[in-house]
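Work through the exercises below with the sequence and the structure in view. Try each task before reading its solution.

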Amino acid sequence: MFGGGGMNPRKMQQMMKQMGIDVTDIDAEEVIIRTADEELVFSDAQVTRMDAQGTQTYQVVGEPETRERGTGEAGAEDAGGADEESAGAGEAIPDEDVQLVVERAGVSPSEAREALAMEDGDLAAAISRLE
């Protein structure tokens with residue numbers, strides 16, 4: 001779990017407990033880290049959560065698959081569910097949202113898409129920005 005420099009794992013856990021550090025293994029099926037232009041997908045990752053002094057820290061260990069943003073399985077799964085939530089999380093803006101902003105604000109699709117991106121997918125805020 002953690003490098004103890006040859007220390008007995010049981011002794012390490014006792015010391016961490018005394019310091020108020022709680023370590024929990026998480027049975028994660030998949031971990032996705034999204035950056036501005038790519039996604040790192042860990043399909044078989046070992047995930048550990050450490051709670052210390054009111055802060056949670058996650059450790060992900062494994063080999064990620066790298067893919068461009070908006071491609072692959074994760075993009076297809078998100079598209080069927082919560083469009084506004086996924087747009088806010090940096091996913092592709094749904095065409096229905098773009099069309100709605102075009103109709104309401106009387107702008108081009110590219111202007112509507114840009115406004116939605118600037119407002120993290122918030123329809124009302126994007127329309128207000130353009131009016």
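**Exercise 1.** Decide whether Glu119 is buried, partly exposed or exposed.

Solution. The relative accessible area of Glu119 is 23%. Buried means under 20%, exposed over 50%, and partly exposed in between (1.4 Å probe, protein chains only). Glu119 is therefore partly exposed.

The model is predicted: local features need pLDDT of at least 70, side-chain atom pairs count only at pLDDT 80 or more, and totals for chains, interfaces and linings use all residues. Residues are numbered from 1 along each chain as its sequence is written, and side-chain values use heavy atoms, without hydrogens and water.

**Exercise 2.** Find where Glu119 lies and which residues it is in contact with, leaving aside neighbours within four places in sequence.

Solution. Glu119 sits in the loop between H5 and H6; helices (H or I, at least four residues) are DSSP runs numbered from the N terminus, as are strands (E, at least two). With those neighbours left aside, its contacts (heavy atoms within 4.5 Å) are Ala125, Ala126 and Arg129. The C-alpha atoms of Glu119 and Arg129 are 8.7 Å apart, and the two residues are 10 apart along the chain.

**Exercise 3.** Classify the residues where H5 meets H6.

Solution. From H5 come Glu111, Ala112, Ala115, Leu116 and Met118; from H6 come Leu123, Ala126, Arg129 and Leu130. Seven are nonpolar, none polar and two charged. Here Ala, Val, Leu, Ile, Met, Phe, Trp, Tyr, Cys and Pro count as nonpolar, Asp, Glu, Lys and Arg as charged, and the others, Gly among them, as polar.
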